[in-house]
Amino acid sequence: MTTLQDCLALDAQDPLRELRRLFTLPQGVIYLDGNSLGPLPAAAPARIAQAVTQEWGQGLIRSWNSAGWYELPRRLGDRIAALIGAGADEVVATDSTSINLYKVLSAGLEIAARDAPHRSKLVSERSNFPTDLYIAQSLCKQRGYQLHLVDSDRIEAALTDETAVLMLTHVNYRTGAMHDMADLTAKAHAAGVLAVWDLAHSAGAVPVDLHGADADFAVGCGYKYLNGGPGAPAFVWVHPRHTGRFCQPLAGWWSHEAPFEFTPDYRPAPGIARYLCGTQPILSMTALECGLDTFAAAQPLGGMATLRRKSLALSDLFIALMQERCAGNGFGLATPREHERRGSQVCLTRKQGAYAIVQALIARGVIGDFRAGDGAKHEDILRFGFTPLYTSFADVWNAVEQLRQVLESGEWQRPEFDRKHAVT
């Protein structure tokens, strides 16, 4: 049996252990929900206050130049690029994941309409994150395409000569299963299909190599593993071979070649800047920059490679402890055991009581989250994210111990834990 002392020994040997101090984590809380919302970087309050009181309060409109506000989308984009295998001037931080997905899917369908007008389908995974499917449904309706949804084991078979675009989320939000981006992109290209990737559950959590995979488009969010704060700006990447071929559909003034000429005609900016739209949320950008600073601190310690090793070790430990300490309680494992197929979260399944068990854990200070099953094929899911920047091995042991106590005491069956909140 793995003991708490074993886990404390692992923490003592952890090269990333000092990075925990870069975050504000409430006393007595074990936070395993960074896959939904990253915690507050410790430097963020003072930095945001500086942006408010000095840059906005004293600099006023001058700060667009003097404080570098205008360059923030591209400056942060370059920092994100380093985490996802993209090049300089290929990423911008802007808007939301949904809006950015609308931009790149529109671009992909426009390319397909020019190069292969006979292709009529946009293929995606049936269990993809709903906002991706909603955006795809909307675009397909507008442009006369068919959205074709398949299970994960049928993706390759769906890459036919009718398919224009393949849209996938790299790590599945519900199960934590990770696609082989390079393999599926190569198979898509071999079939004449463009590949669009959503990195919302990948960026900052697992190594991503967009150029190595030869992907076409990618989007992702800033408030999960990038720790940019609630509603933080998302990001968008376009392979350089595509950036000059079209205008994205939300052609606002920030994507103009010369915004401050204020001409009535639209001329798209060169490169990735044309994927901007309107005026950027500077205070939110400032918070996101603080989140990205935590990755800069990890760079001398091995960067994403070290983070990935610890992430896998944490999730391996959680799975092993669940088997040791919580066996016989009706849990299944939705997350693949194979490292190459696993993101940075572990998802447990249960037929009944999953929501109440999560709420009972939260009441004890162990924060994960719940995702409902579809009622036909999937049981409900308890999700636990393992973010190596601040999660310790002792956190994992203590979280499983709290879960064991919740189950053995029957505490989760108390009525207050079954009352549904607006956000689960």
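Colleague: What kind of model is it, and what pLDDT do local features need?

Modeller: It is a predicted model, in which local features need pLDDT of at least 70, side-chain atom pairs count only at pLDDT 80 or more, and totals for chains, interfaces and linings use all residues. Residues are numbered from 1 along each chain as its sequence is written, and side-chain values use heavy atoms, with hydrogens and water left out.

Colleague: Start with the core. Which residues touch the most other members of the largest one?

Modeller: Ile84, Leu199, Leu210 and Leu226, in a nonpolar core of 54 residues. A nonpolar core is a set of buried Ala, Val, Leu, Ile, Met, Phe, Trp, Tyr and Cys residues joined through side-chain atoms within 4.5 Å. Buried means under 20% relative accessible area, exposed over 50% and partly exposed in between, with a 1.4 Å probe and protein chains only.

Colleague: Is there a second core, or what else includes Ile30?

Modeller: A separate second core has 34 residues, including Ile30, Leu317, Tyr355 and Ala399.

Colleague: Back to Leu199. What does leucine 199 touch?

Modeller: Leaving out residues up to four places away in sequence, leucine 199 touches Ile84, His170, Met181, Val208, Leu210, Ala218, Val219, Gly220 and Phe235. Contact here means heavy atoms within 4.5 Å.

Colleague: Now the outside. Which residues form a nonpolar patch on the surface?

Modeller: Trp56, Leu60, Ile61 and Leu283, with about 440 Å² of accessible area together. Patches take residues with over 30% relative accessible area and no salt bridge; like charges are joined within 9 Å, and nonpolar side chains (Val, Leu, Ile, Met, Phe, Trp, Tyr) within 5 Å. The areas come from the Shrake-Rupley method with a 1.4 Å probe, and for residues only the protein chains shown count as cover.

Colleague: Where is tryptophan 56 found?

Modeller: Tryptophan 56 is in helix H2, residues 44–56. Helices (H or I, at least four residues) and strands (E, at least two) are DSSP runs, numbered from the N terminus. Leucine 60 lies in the loop between H2 and helix H3 (63–66).

Colleague: What about phi of leucine 60?

Modeller: Leucine 60 has a positive phi of about 50 degrees, although it is not a glycine. Leucine 60 is partly exposed, at a relative accessible area of 47%. Asparagine 227 also has a positive phi, near 60 degrees. Asparagine 227 sits in the loop between strand E9 (217–220) and strand E10 (235–238), and is buried at 1% relative accessible area.

Colleague: Change of topic. Is threonine 335 buried or exposed?

Modeller: Threonine 335 counts as buried because its relative accessibility is 3%. Threonine 335 is found in the loop between strand E11 (332–333) and strand E12 (345–350).

Colleague: What does the side chain of threonine 335 reach?

Modeller: The backbone oxygen of threonine 175, at 2.7 Å. A polar atom of the threonine 335 side chain also lies 2.7 Å from the backbone nitrogen of cysteine 347. A polar contact is a pair of N or O atoms within 3.5 Å; within protein, one must be able to donate a hydrogen and the other to accept it, and residues adjacent in sequence count only if both atoms are side-chain atoms.

Colleague: And arginine 114, where is that found?

Modeller: Arginine 114 is in helix H5, residues 97–115. The side chains of arginine 114 and glutamate 110 make a polar contact of 2.6 Å. Not counting residues up to four places away in sequence, arginine 114 touches Arg245 and Phe246.

Colleague: How many salt bridges are there?

Modeller: The count comes to 26 salt bridges, each a side-chain nitrogen of Lys or Arg within 4 Å of a carboxyl oxygen of Asp or Glu. One of them joins lysine 310 and aspartate 14, at 2.6 Å, N to O. Lysine 310 lies in helix H11 (residues 303–325) and aspartate 14 in the loop between helix H1 (4–13) and strand E1 (23–24), so the pair ties together parts that are 296 residues apart in sequence.

Colleague: Is lysine 310 buried or exposed?

Modeller: Lysine 310 is buried, at 7% relative accessible area, and aspartate 14 is buried at 6%.

Colleague: Which residues are linked in a network of salt bridges?

Modeller: Arg75, Arg79, Glu289 and Asp293.
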